[in-house]
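Reader: I am new to this structure and would like to learn how to read it. Could you take me through it step by step?

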Amino acid sequence: MTVKATTTTTAAPRAAAAGAFRATRRRRTARSYAVACALAAAVGALFVLTMMVGSFQLSAEEVVASVLHLRDEPSVDFVVRGLRLPTAASALAVGLALGAAGTIFQQLLRNPLASPDFVGINSGAGLAAITGIVLLQVSGLAVSALALAGAVAAALLMYALAWRDGVAGYRFILIGIGVTLFFDGLIGYMLTRARLSDARQAMHWLTGSVGQADADELRLLVGAVLLLLPTAVLLQRQLRALELGDDTARALGVRTELGRAGLLATAVVLTALAVAVAGPVVFVALIAGPIANRLLGPATGGIIPAALVGAALLLTADLVAVHLLPTPLPTGVVTGAVGAPYLLWLLATTNRQGAGG
């Protein structure tokens with residue numbers, strides 16, 4: 001009788017704890033879905049709004065009907081499909097890619113400063129692209145191909161330099177910062193040796209703008225986003241395990257180095273293609289993940305919400321850069337103006353919390 005009473009007394013708290021855990025998990029899942037749906041609606045609205053405004057203003061109904069081929073109105077179709085849809089689609093795809101890549105880097109390396117902007121990937125793409133513009137006199141798709149190759153080469157270089165019985169987050173970031181400074185110095189040297197017209201083209205590319213991609217580049221990026229975003233979601237379980245540390249991840253059955261390499265490869269390819277299409281648009285990858293985490297609350301770390309935040313940021317930045325400023329500017333000018341104060345705040349708060357090293 002005493003044994004039965006003891007067993008019942010022990011089992012009751014366990015059942016209550018399991019029930020509380022399941023309820024908390026359901027709430028987090030519900031919040032994650034709600035935030036993702038709200039962000040998707042906001043991105044959709046911004047996507048349509050981007051094609052409504054301009055010197056030839058259109059209604060939302062006209063834009064949607066033209067994009068979906070529901071009507072045949074040549075003047076509207078020319079403005080929407082021929083002029084505005086490529087820019088809007090570029091901003092959407094680049095934002096999704098940068099938002100997803102940024103949060104993967106930050107979670108994988110366990111550092112809020114771990115962004116493609118600061119670990120050499122953008123600079124590697126920039127150096128390769130500027131070399132093509134200045135030395136090889138290429139343009140268009142060739143520049144994008146060089147930027148893609150440069151980003152991948154920079155990532156492989158940093159992975160090799162950071163390897164020491166595995167890749168530690170802090171070592172990868174420090175090496176990335178050093179590689180970034182080295183590449184930026186080489187970019188500056190290239191610009192001093194360039195002709196004025198080439199230097200102007202190079203500086204415009206380095207600033208970053210979603211309106212400079214051609215159809216082939218855009219199709220490649222959209223295809224990669226459609227393929228790699230679901231891949232990143234499938235790898236999210238491994239990402240969450242790696243956040244707990246390598247030993248814990250191994251105990252959970254995760255092959256740490258293989259999982260890390262797969263996640264880094266996914267983030268690098270997304271970043272490289274985004275930079276190839278729009279140039280190194282700064283700070284979107286850095287701030288998309290933290291904003292998404294604020295919205296998600298306890299259900300932090302979602303890749304899809306971070307990607308949607310990135311898309312919303314870039315669509316908004318393009319609207320501001322083109323339509324709300326006295327003179328139209330490249331998109332990267334607006335993202336830089338917004339992202340720089342955030343970076344200063346992040347550095348200050350990280351240092352006060354003792355997490356900055």
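Author: Gladly! His69 is found in the loop between helix H2 (60-67) and helix H3 (74-109). Please keep in mind that this is a predicted model.

Reader: What is the phi of His69?

Author: His69 has a positive phi of about 60°, although it is not a glycine.

Reader: And is His69 buried or exposed?

Author: For this we look at relative accessibility, where over 50% counts as exposed. His69 has 55%, so it counts as exposed.

Reader: Which loop holds Phe283, and what is its phi?

Author: Phe283 sits in the loop between helix H11 (256-278) and helix H12 (284-296). Its phi is near 75°, again a positive value in a residue other than glycine.

Reader: Is Phe283 buried or exposed?

Author: The cut-off for buried is under 20% relative accessible area. Phe283 has a relative accessibility of 12%, so it counts as buried.

Reader: Let me step back to the whole chain. How many helices and strands are there?

Author: The protein has 14 helices and zero strands. Read from the N terminus on, its elements run α-α-α-α-α-α-α-α-α-α-α-α-α-α.

Reader: How much of the protein counts as buried?

Author: Of its 357 residues, 46% count as buried. Among contacts with a separation of 6 or more, 73% join residues 24 or more positions apart.

Reader: Which residues does the UniProt annotation "transmembrane region" cover?

Author: The annotation comes from an unreviewed UniProt entry, and it covers residues 32-53, 85-105, 117-136, 142-162, 169-191, 263-291, 303-322 and 329-348. Residues 117-136 are 70% helix and 0% strand, with their end C-alpha atoms 25 Å apart. For residues 329-348 the figures are 90% helix and 0% strand, and the end C-alpha atoms lie 30 Å apart.

Reader: Now for pairs of helices. How do H3 and helix H8 (residues 215-234) pack?

Author: Two values describe a pair: the angle and the distance between the axes. H3 and H8 pack at an angle of about 35°, with their axes 10 Å apart. H3 passes H8 in a left-handed crossing. On the H3 side the contact is made by Pro86, Ala89, Ser90, Ala93, Val94, Leu96, Ala97, Ala100 and Ile104, and on the H8 side by Leu218, Leu221, Val222, Val225, Leu229 and Ala232. By class, that gives 14 nonpolar, one polar and no charged residues.

Reader: What about helix H4 (residues 121-134) and helix H5 (residues 141-162): at what angle do their axes cross?

Author: Their axes cross at roughly 140° and come within 7 Å. An angle over 145 degrees would count as roughly antiparallel, and H4 and H5 are therefore oblique to each other. The crossing of H4 and H5 is right-handed. From H4, Ile121, Gly124, Ala125, Ala128, Ala129, Gly132 and Ile133 meet Val143, Leu146, Ala147, Gly150, Ala151, Ala154, Ala155 and Met158 of H5. This contact has 12 nonpolar, three polar and no charged residues.

Reader: Where does Gln212 lie?

Author: Gln212 lies in the loop between helix H7 (196-207) and H8. At 26% relative accessibility, it counts as partly exposed. Gln212 and Ser90 are 122 residues apart in sequence, yet their C-alpha atoms are 8.9 Å apart in space. Beyond four places in sequence, Gln212 touches His204, Trp205, Glu217, Val277, Ala278 and Gly279.

Technical notes:
Residues numbered from 1 in each chain as written. Predicted model: local features only at pLDDT ≥ 70, side-chain atom pairs only at ≥ 80, totals over all residues. Heavy atoms only, no water. Helix = DSSP H or I, 4+ residues; strand = E, 2+ residues; numbered from the N terminus. Buried < 20%, exposed > 50% of the residue type's maximum accessible area, 1.4 Å probe, protein only. UniProt positions renumbered as here; feature names shortened; annotations may be inferred. Axes fitted to C-alpha atoms, helices over the stretch in contact; angles between N-to-C directions. Left-handed = near helix turned anticlockwise from the far one by under 90°. Contact = heavy atoms within 4.5 Å. Nonpolar A, V, L, I, M, F, W, Y, C, P; charged D, E, K, R; others polar. Parallel < 35°, antiparallel > 145°, perpendicular 65-115°, else oblique.
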